[in-house]
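Work through the exercises below on charged side chains. Each task is followed by a stepwise solution.

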Amino acid sequence: MFKVIVPKYALKELQKIDKENQQSVFDKIKELEKGIFTGDKALKGTHKGKFRKRAGNYRIVYLRENDILLITVIRIAHRKEVY
């Protein structure tokens, strides 16, 4: 089990999304808590060390710290504007 931290600015981004997609994002965050990282991709370039999880047309960008089992959600946004 991982502890997932979702900062206020990420919650504000989530509130702007319609309810159906919000539920999809919540489901993916629950997967992160359980340690299910299938299909996640490591980011490159300036975002090196971060990962993304797909939730429909939205992306959850997060930082995984292995030694302390902590995941910090950095951004939740539509795939056109997330990077």
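E13 is buried, its relative accessible area being 17%, where buried means under 20%, exposed over 50% and partly exposed in between (1.4 Å probe, protein chains only). The model is predicted: local features need pLDDT of at least 70 and side-chain atom pairs pLDDT 80 or more, while totals for chains, interfaces and linings use all residues. Residues are numbered from 1 along each chain as its sequence is written, and side-chain values use heavy atoms, without hydrogens and water.

**Exercise 1.** Find the salt-bridge partner of E13 and locate both residues.

Step 1. The criterion for a salt bridge is a side-chain nitrogen of Lys or Arg within 4 Å of a carboxyl oxygen of Asp or Glu.
Step 2. R75 meets it, with closest N and O atoms 2.6 Å from each other.
Step 3. E13 belongs to helix 1 (residues 8-15) and R75 to strand 5 (residues 70-78), so the pair, 62 residues apart, links distant parts of the chain; helices (H or I, at least four residues) and strands (E, at least two) are DSSP runs, numbered from the N terminus.
Step 4. R75 is partly exposed, at 26% relative accessible area.

**Exercise 2.** Describe the salt bridge between E31 and K28.

Step 1. The closest N and O atoms of E31 and K28 are 3.9 Å apart.
Step 2. Both residues are in helix 2; because they are 3 residues apart, about one helical turn separates them.
Step 3. E31 is partly exposed at 23%, and K28 is partly exposed at 24%.

**Exercise 3.** Which parts of the chain does the pair D40 and K53 tie together?

Step 1. D40 forms a salt bridge with K53, at 2.9 Å between the closest N and O atoms.
Step 2. D40 lies in the loop between helix 2 and strand 2, and K53 lies in strand 3, so the bridge ties together parts 13 residues apart in sequence.
Step 3. D40 is buried with a relative accessible area of 17%, and K53 is buried with 2%.
Step 4. Through salt bridges that share partners, K28, E31, D40 and K53 are joined into one network.

**Exercise 4.** Name the residues of the positive surface patch.

Step 1. Patch residues have over 30% relative accessible area and no salt bridge; like charges are joined within 9 Å, and nonpolar side chains (Val, Leu, Ile, Met, Phe, Trp, Tyr) within 5 Å.
Step 2. The patch consists of K41, K44, R54, R79 and K80.
Step 3. K44 is in the loop between strand 2 (41-42) and strand 3 (50-55), and at 72% relative accessibility K44 is exposed.

Methods. Areas by Shrake-Rupley, 256 points an atom, 1.4 Å probe, with all protein chains shown as cover. Lys, Arg positive; Asp, Glu negative; His and termini not counted. Charge placed at Lys NZ, Arg CZ, Asp CG, Glu CD.
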